[in-house]
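Work through the exercises below with the sequence and the model side by side. Try each task before you read its solution.

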Amino acid sequence: MADVSKLIPGQKVLLQGNEAIARGALEAGVALAAAYPGNPSSEILQTLADSAHSAGIYVEWSTNEKVALESAAAASYAGLRGMASMKQNGVNVAQDFICNLTISGTQGGIVLVTCDDPSGVSSTNEEDARFIARVACLPLLEPATPAECLSMMKLAFELSEQIGNLVVLRGLARLSHTRAGVVPGPLPESKRRPRWDPSQRWFTIPVVPRHQAMLDKLAKAGEIMGAAGVNYYDGPQRPELLVVASGSSRLYADEARRMLEAGERVGILHLGATWPLDQELILEHLARADKILFAEEVDPHLEGGVKSIYAQHVRELGIKDFFGQDTGHKPPVGELSPSRVAAALADILGLPWQEVDPAYQEKAQVAQALVAPRQVGFCPGCPHRASYWSMKQVLAADGREGIVSGDIGCYTLGVLPTGYQRVNAVHCMGSGPGIASGLGKLRDQGFGQPVISVVGDSTFFHAALPALVNARWNNSDYVLVVLDNSATAMTGFQPHPGTGATAMGQAGTVVDVEQVCAGLGLPYAVVDPYDLEATQEALYDALQIGGGLRVLIFRRLCALVQNKQGGHPWSISVDPELCRGEDCGCHRFCTRVFRCPGLVFDEATGKATVDEVVCVGCGVCAQICPAGAIKARPKEATA
Amino acid sequence: MKALKYDPLDIVVTGVGGQGNVLASQVLGRALLDAGYQVTVGETYGLSQRGGSVMSQVRVSSGPVLGPMMPDHRATAIISLEPLEALRLVGTYGHPGVVVLTNDRPLRPQGVLAGEQAYPEPQELRATLEGLCAKLYWLPATAAALKLGNHILANVVLLGALCALDLLPIGAEQVEAALAAMFPEDKMAPNREALAKGLALVREV
């Protein structure tokens with residue numbers, strides 16, 4: 001990412017939403033920023049890390065989101081400004097701390113950024129993390145554009161310091177990864193000196209009066225946000241329909257109104273501050289219109305809140321019609337779009353709405369029959385493909401219906417065909433070894449299936465450790481396979497404790513998986529997943545031992561990282577004389593079963609070939625070809 | 001500032017993860033922003049390097065700030081680094097007036113490689129696309145990029161091709177300036193060649 005501390009104040013630049021959040025934090029004088037990588041939030045911390053040296057701040061990839069927020073709170077208690085950024089799942093990880101921090105309160109400004117992922121483009125769920133604002137009584141800001149990302153970050157820090165509590169800023173995947181013009185402001189000229197006044201103590205008891213104080217802070221936050229100009233109305237004096245919207249949905253509503261040429265009939269109440277809701281403002285605008293539509297993603301947060309305010313004032317407001325999730329005008333799942341909002345507006349206003357000529361639409365739909373889906377899978381050369389190949393072979397050879405308990409990372413794709421659908425369950429960070437731990441304790445009741453838990457090297461440190469200690473303590477019977485590709489690959493190759501590198505590019509201390517295993521007293525071995533025979537032998541043996549937790553570390557650098565570090569050693573080709581073509585392994589063994597995208601079946605010749613644009617030269621396929629037709633030769637020799 | 005022929009000007013840039021789709025849209029966005037237009041570039045990625053379809057939307061207007069997602073069936077142009085992806089997105093963003101520029105080099109989805117699904121014959125794919133747009137530019141961008149030394153340059157070849165059409169309010173020089181602001185000078189020579197090659201490809205059509 002770019003060093004955003006070098007941007008020139010007043011000069012408009014194209015910034016990604018996440019970069020704008022980072023720049024806003026710098027302009028607000030953030031001193032400590034921490035995060036665990038998670039798309040769509042990852043670029044925020046990466047941008048801050050790349051700006052840290054010139055800005056003179058501390059930026060850290062933490063082991064998980066809870067630790068990240070605790071580090072940010074430390075800065076706050078030392079009188080500095082701190083922040084933690086995360087994806088929606090991370091809010092769950094940090095939630096226990098959040099729900100106590102909000103009672104104890106804070107000193108220096110502290111902001112939690114959550115980047116939600118409606119439609120789950122890069123997530124295992126599409127949770128709406130705005131729930132945390134309600135649960136923990138925290139002020140919530142929702143920007144709609146990169147420019148607002150910047151300005152609302154500054155507001156969030158100011159607000160936090162004024163009320164003495166955490167402030168939440170909610171982004172969305174679309175916004176995080178949107179680039180638009182942003183005009184940066186100045187960076188602060190002076191820095192604060194960190195000091196924790198020893199007379200100040202931060203804790204949550206007595207609970208009831210502190211709970212009351214927390215509510216008072218929220219009310220005060222509402223007043224400050226109301227005066228900050230982040231909520232505004234745009235439309236006619238007496239609109240027929242009022243759209244209450246937040247985040248990207250504000251822009252979708254605006255565009256839908258333009259497309260339908262309904263500017264005279266539709267008003268939009270733009271809400272940048274969405275918790276607490278500004279009751280006075282909402283009452284004022286409910287009085288303007290008799291029909292109200294909600295535009296937001298994913299949960300009916302505004303819909304529920306506004307209806308609740310309406311219920312208290314129904315006598316003065318009279319009968320209103322509300323449209324939203326409850327009426328099917330806003331989808332309960334997936335993201336919103338300008339077209340979806342337009343369809344809702346057209347339906348409510350009785351306007352004709354046709355996206356495109358129906359004859360064209362039908363023709364285009366028919367043509368879609370030609371378009372094969374493009375399912376995601378492991379990259380060419382990915383060590384995970386080789387690892388799952390070995391698990392597939394070994395579990396078949398073992399024959400006891402082995403179960404693979406999955407986890408979060410690139411290797412989650414083990415549920416899909418390029419991982420041979422070998423993974424039986426995936427939930428959240430660290431849940432794989434926990435489930436395996438439970439399974440491994442059902443032996444006495446007759447559970448005879450072998451159990452493998454797969455975790456990535458970054459996940460190992462994030463949340464797997466407590467489950468491993470649990471399994472060791474209780475003598476649970478399973479094999480932990482650490483898929484160590486020396487990177488947090490799914491989110492952009494961030495370093496983690498096992499790599500020893502830090503966010504700011506300095507050398508940290510390597511915390512290696514072997515030492516952790518040794519410390520826990522766990523038997524372990526390291527194998528190279530590219531070496532299929534050795535890997536399968538080690539895994540087969542480990543499954544036969546039984547009796548307790550044992551660890552295999554499958555270590556091989558992420559293929560994408562290897563591509564950037566000089567590439568792979570092999571030049572792959574298929575000898576058409578030896579290739580068995582259609583008849584191989586029941587039918588096209590390498591392309592149909594092994595499924596590396598570097599291998600292509602040439603229908604014309606009836607033989608497999610290598611796609612030179614796709615193949616990286618890892619050499620694994622040469623080991624699986626039953627005819628020995630796939631040849632791996634050193635690249636130098638063929639060049 | 002030149003008036004926009006289409007306002008909003010909505011360009012979809014698509015392809016398969018790893019083909020340089022995000023970079024192409026970023027270059028275009030930057031060039032248009034520097035020329036004074038209101039620009040929003042929406043990017044869809046996450047599993048982008050894992051063989052999935054990826055799409056960016058470059059949205060340009062002279063007036064209001066646009067959201068990161070364009071309405072369905074309203075694209076001015078669809079630029080695709082892979083021909084099947086062009087047809088996929090015509091289904092969502094196409095209309096009789098859309099202009100489609102696509103690389104002719106197929107990247108077969110894994111289901112096709114595995115023999116479970118079919119990839120259309122090039123002639124059928126081309127004819128189908130032609131029947132769903134106002135003008136199709138079916139360009140050998142990967143072949144041209146390979147001649148320049150690296151298949152990854154196909155994205156810049158297509159940007160060059162786009163500059164040869166009468167859609168953008170800016171010229172190839174401005175796109176080149178945006179590239180130069182993002183690449184070190186020693187990497188610029190192949191990028192300049194790729195832009196020029198793209199322009200030439202369209203002029204040959």
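**Exercise 1. A hairpin**

Find how β21(A) and strand β22 (residues 607–610) of chain A pair, and over how many bridges.

Solution. Step 1: β21(A) and β22(A) pair in the antiparallel sense, over four bridges. Strands here are DSSP runs of E with at least two residues, and helices are runs of H or I with at least four, numbered from the N terminus. Two strands pair if DSSP finds at least two bridges between them.

Step 1: Asp602(A) stands opposite Lys607(A) in β22(A).

Step 2: look at the turn. The hairpin of β21(A) and β22(A) has four residues between the strands, and Gly606(A) takes a positive phi near 70° there.

Before going on, note the conventions. This is a predicted model: local features need pLDDT of at least 70, side-chain atom pairs count only at pLDDT 80 or more, and totals for chains, interfaces and linings use all residues. Residues are numbered from 1 along each chain as its sequence is written, while chains are lettered from A and ligands numbered from 1 in the order in which they are written.

**Exercise 2. Domains of chain A**

List the domains of chain A and their bounds.

Solution. Step 1: the assignment gives domain 1 (4–188 + 203–227), domain 2 (231–349), domain 3 (383–559) and domain 4 (570–638). Such bounds come from an automatic or database domain assignment.

Step 1: the C-alpha centres of domain 2 and domain 3 of chain A lie 48 Å apart.

**Exercise 3. A parallel sheet**

Work out the strand order of the open sheet in chain A whose pairing is parallel.

Solution. Step 1: the sheet has five strands, in the order β15-β16-β17-β19-β18 (chain A). Its edge strands are β15 (403–405) and β18 (524–527) of chain A, each of which pairs on one side only. From one strand to the next, the twist averages 25°. Axes are lines fitted to C-alpha atoms, for helices over the stretch in contact, and angles run from 0 to 180 degrees between N-to-C directions.

Step 1: start at β15(A). Three bridges join β15(A) to the parallel strand β16 (residues 451–456) of chain A. Ile403(A) has Val451(A) as its bridge partner in β16(A).

Step 2: turn to β19(A). Seven bridges join β17(A) to β19(A), and four join β18(A) to β19(A). Leu483(A) stands opposite Phe554(A) in β19(A). Val527(A) also stands opposite Phe554(A).

Step 3: is β19(A) enclosed or open? Six of its seven residues are buried, so β19(A) is largely enclosed by the rest of the structure. A residue is buried if 20 or more other C-beta atoms lie within 10 Å of its own, exposed if 12 or fewer, and partly exposed in between, with C-beta atoms placed from the backbone.

Step 4: α18 (residues 513–520) of chain A lies across β17 (478–484), β18 and β19 (549–555), running at about 170° to β19(A).

**Exercise 4. Where the chains meet**

How many residues does each chain give to the contact?

Solution. Step 1: chain A gives 55 residues and chain B gives 53. Residues are in contact if their C-beta atoms, placed from the backbone, lie within 7 Å.

Step 1: on the side of chain A that touches chain B, α9(A) supplies the largest share, six residues.

Step 2: three bridges join β8(A) to the antiparallel strand β2 (residues 38–44) of chain B. Arg179(A) has Val41(B) as its bridge partner.

Methods: Contact = placed C-beta atoms within 7 Å.
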